[in-house]
Amino acid sequence: MYEILHDYLALFLVGSWPNGPLGGVAITLILSALGLAISFPISVVIALAQVSPWRWMRRAASVWTRLVRGIPLLMIIFWAYFAVPVLVGAEVSAFTTAVCAIIVYESAFLSQIVRAGLEGLPRGQMEAARSNGLSWLQSMRYVQLPQALANMLPSIVNQFVSIIKATSLAYVIGVPELTYSAAQVNTIVLTKPLQTFLVLAAFYFVLCFAISRFAGWLERRIARQRAGLA
Amino acid sequence: MFDLSFLLEDGYLKLFRDGVLTTLRLFVVSGLLSIVVGVALTTLRALPVRLFKGFVIVVVEYHRNVPVLVQILVWYFGVPQLLPEGLRDWINAGNTEFFFATVALSLNAGAFISEDMRSGLRAIPHTQQEAAWSIGLTYLQSFRYVILPQGVRVALPALLNQALLLFKNSSLAMAIGVHELLYRTRQIDNLTFRTFDVFLVATILYLIGTLALMALSEHFAKRRTAPSGV
């Protein structure tokens, strides 16, 4: 295992860069970070629709998240593969396709976290804000969302772990991310598939384990702070 | 515009049916095995042996922090390298892809299930155990008649959620060439070029399964809180 790691470390970390396109862990992290950064604001909009006082909005948002949660991510990636070029009217790279699919998929899951955060706040907060003369949107913007976001930070970090794991599926449409690098190493070495794929698993493990530990630490810290304030 | 009559020609319907049946087989076989794995891991962890506890923690953390696709690749490409010749021939004589996909999916779901079971059992107050003993039940009886029924009730929505994940994850078996629904979908697409229609049919087929599982999970989540009153 050590030999594989030693001989192909660069391929695992950055793909064929600087002689070719960036890949490996670097692309996995860029894909995940972009996925989270774009799907988060979308998930807030979906969550707001779900707790809004307008019935048709709640309906539409809940039907949408249910549908997305019910479709395998790989299926959504294939939908994006042929639907996105039609929608934008131009050829689209595999990387962009993967980003689009991950945004659609993850925003549905993130919206559940945001919604739980909003619903976890005491009712009095909204009532107090409204009785101060703020509109529904203003109360959300200045009173509810800031509090809810602080509470759900650990869950969002945990969702980032899910997103990192989800990006491995981009390998299937040929995005040169971490799993793709391992497949490349495997075709070069040929005789050591077990070692190659265990090194791959180890890369994901180190990344995801460290981040979920960080989420756990964050959760305890927030709980302590709140206990101190109370 | 939306015309599905082409499905009736050239045995496409049969390909779809084969895909659905393989997906269901993958789901049912891995589902049953994952319960066995889950119960085994939960039991090992509950025993007062540190070595077992450590082993279960390592198994659970591996399956939680490594993408399912990578777990499947490790089993399919890597593990045969370790097996003795005779056993390898025996596996290769059958449906290798299906075999390893089942192993990977059952272990993955089993690890998650064991965590759900553990938190389900932990949710039962210790006084229940003591009360059961004090009315003369043995350790096994108190587990069978007092702890387990309550624990299952608490854990059921989470377990159904695992079933939903397993159903969606079965689509990843496509990556190693298992002829499940998504694999067949792409095959029919390549034969007919009716991409939109073919993927829509497959998506609806997946949704029938996943929406049913979601509804079931919500039903039990609602029922749990009603009678227990805790």
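This is a predicted model: local features need pLDDT of at least 70, side-chain atom pairs count only at pLDDT 80 or more; totals for chains, interfaces and linings use all residues.
Setting aside neighbours within four places in sequence, A:Phe197 touches A:Ala182 in its own chain, together with B:Val70, B:Leu73, B:Val74, B:Phe77 and B:Gly78 of chain B.

A:Phe197 belongs to helix H9 of chain A, which covers residues 193-229. The residue counts as buried because 27 other C-beta atoms lie within 10 Å, where the cut-off for burial is 20 or more. A:Tyr171 stands 26 residues away from A:Phe197 along the chain, and the C-alpha atoms of the two are separated by 14 Å.

Several partners of A:Phe197, including B:Val70, B:Leu73 and B:Val74, are among the buried residues of helix H3 of chain B. This helix spans residues 68-78 and is mostly covered, with ten of its eleven residues buried. Those buried are B:Val68, B:Leu69, B:Val70, B:Gln71, B:Ile72, B:Leu73, B:Val74, B:Trp75, B:Tyr76 and B:Gly78.

### The two chains compared

| Property | Chain A | Chain B |
|---|---|---|
| Extent of the C-alpha atoms along the principal axes | about 70 × 50 × 30 Å | roughly 70 × 50 × 25 Å |
| Buried share of residues | 40% of 230 residues | 34% of 230 residues |
| Share of contacts at a separation of at least 6 that join residues at least 24 apart | 71% | 79% |

Read along the sequence, chain A has the pattern α-α-α-α-α-α-α-α-α, and the pattern of chain B is likewise α-α-α-α-α-α-α-α-α.

### The contact between the chains

The contact takes 27 residues from chain A and 28 residues from chain B. On the side of chain A that touches chain B, at least two residues come from each of helix H3 (55-70), helix H4 (73-88), helix H8 (178-189) and H9. Of these contributions, that of H9(A) is the most, with eleven residues. Sorted by class, this side of chain A holds 20 nonpolar, five polar and two charged residues.

In soluble globular proteins, nonpolar side chains tend to be buried together. The largest nonpolar core of this model has 105 residues, and A:Leu74, A:Ile77 and B:Ile72 have the most contacts inside it. H5(A) provides the largest share of this core, namely 13 residues.

A:Leu74 also has partners in both chains. Apart from neighbours within four places in sequence, A:Leu74 is in contact with A:Leu169 and A:Val172, and with B:Ser171, B:Leu172, B:Met174 and B:Leu182. B:Ile72, named above for its contacts inside the core, is also one of the buried residues of H3(B).

### A pair of packed helices in chain A

Two packed helices are described by the angle between their axes and the distance between the axes. In chain A, helix H2 (residues 24-51) packs on helix H5 (residues 94-119) at an angle of about 45°, and the axes are 6 Å apart. H2(A) is therefore oblique to H5(A). The crossing of H2(A) past H5(A) is right-handed. By class, 16 nonpolar, six polar and three charged residues make up the contact of these two helices.

### Backbone features in the loops

Some loop residues have backbone angles that deserve mention. The peptide bond from A:Trp17 to A:Pro18 is cis, with omega near 5°. A:Pro18 is placed in the loop between helix H1 (2-14) and H2 of chain A.

A:Leu190 is not a glycine, yet its phi is positive, near 70°. This residue lies in the loop between H8 and H9 of chain A. A:Leu190 counts as exposed because it has 9 C-beta neighbours inside 10 Å, and the cut-off for exposure is 12 or fewer.

In chain B, B:Phe193 has a positive phi of about 60° and is likewise not a glycine. B:Phe193 is found in the loop between helix H8 (181-192) and helix H9 (195-228) of chain B. With 10 other C-beta atoms within 10 Å, B:Phe193 is exposed.

Technical notes: Residues are numbered from 1 along each chain as its sequence is written. Chains are lettered from A and ligands numbered from 1 in the order in which they are written. Helices (H or I, at least four residues) and strands (E, at least two) are DSSP runs, numbered from the N terminus. Two residues are in contact if their C-beta atoms, placed from the backbone, lie within 7 Å. Axes are lines fitted to C-alpha atoms, for helices over the stretch in contact, and angles run from 0 to 180 degrees between N-to-C directions. Angles under 35 degrees count as roughly parallel, over 145 as roughly antiparallel, 65 to 115 as roughly perpendicular and the rest as oblique. A crossing is left-handed if the near helix is turned anticlockwise from the far one by less than a right angle, and right-handed if clockwise. Ala, Val, Leu, Ile, Met, Phe, Trp, Tyr, Cys and Pro count as nonpolar, Asp, Glu, Lys and Arg as charged, and the others, Gly among them, as polar. A nonpolar core is a set of buried Ala, Val, Leu, Ile, Met, Phe, Trp, Tyr and Cys residues joined through C-beta atoms within 7 Å.
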